[in-house]
Structures are given as C-alpha cells and as structure tokens.
Amino acid sequence: MAATYKTPGERIAARQRAKAAKIATQQAKSAAYYRAQAEKIRLADSKWFALEGPTPTEMAADYEHRAEGLEQKLASSGRCVRCGRALTDPKSVAGSIGPECARKGR
Ligand SMILES: [Zn+2]
C-alpha cells in the first residue's frame, strides 16, 4: 500500500529520507564486511605469503582502516555504527550504537 502525501515536496522528501536511510545501512554493512575481511585475511595468513603486493597484515590493516572510517562517519551523524539507523536515545547517541545492536555486541 502506497503512502499518501499532501504535496509533491513531501513525497520527494520522504523518498530522500528513505534513500539516505538505505545508504547509511549499506555503510554499516560495509563496515561489518571490512571487519570480516580483515579477520579472514588474518586467519588465512599462511595461504597468502606467496602472493605479490601488500602483505596480509597490511591488507587486514587497510580493511580495518576502511571499517573505522565508515563507523566514524555514522557515529558523527548520530547513527548506529552497526546498522546505520538513526539514534534517538541520548545514551545510544553517546555510545554510537543502538540498544539492539549493543546487546548483540559490535
Ligand atoms: Zn544498530
């Protein structure tokens, strides 16, 4: 069922809010993805030594750096660093994580 809006501006604003929320969630997923990649690279360390280019340690550090960058971006915009949802409780804002995600752990 489609929502009804009084003005075209209202409809556009709602669409933009939905888009921003979606992007923020994707960013949070990316941070989790980067952390998972860093962990995988660390665990697979011995398999990577024959490859040319950056060392596994350097690659893992790069992924962690990217994850931190995304988390900082979310935290500074008052969003949960894990799922990207907007935080409303001052306690959640201070910790940059929502109550549901805090229970699950970072
Ligand atoms: Zn969350």
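Okay, one term before we start: I'll call a residue buried if 20 or more other C-beta atoms lie within 10 Å of its own, with the C-beta atoms placed from the backbone. And keep in mind that this is a predicted model.

So, the overall picture. The protein chain has five helices and zero strands, which reads along the sequence as α-α-α-α-α. Out of its 106 residues, 20% count as buried. On contacts, take the ones with a separation of 6 or more: 43% of those come from residues 24 or more positions apart.

Which of its residues are buried? That would be Ala-60, Ala-67, Leu-70, Glu-71 and Leu-74. If you look down the axis of helix 3, those buried residues fall within an arc of 100 degrees, so they line one face of the helix. Over on the other side of helix 3 you've got Thr-57, Glu-58, His-65 and Ser-76, and those are exposed.

After helix 3 comes Gly-78, with a positive phi, near 70 degrees.

The largest nonpolar core has 13 residues, and the ones touching the most other members are Ala-31, Cys-80 and Val-81. Which elements give two or more residues to this core? Helix 1, that's 8–43, and our helix 3, which covers 56–76.

Notes:
Residues numbered from 1 in each chain as written. Predicted model: local features only at pLDDT ≥ 70, side-chain atom pairs only at ≥ 80, totals over all residues. Core = buried A, V, L, I, M, F, W, Y, C linked by C-beta atoms within 7 Å. Buried ≥ 20, exposed ≤ 12 C-beta atoms within 10 Å, placed from the backbone. Helix = DSSP H or I, 4+ residues; strand = E, 2+ residues; numbered from the N terminus. Arc of directions from axis to C-beta. Contact = placed C-beta atoms within 7 Å.
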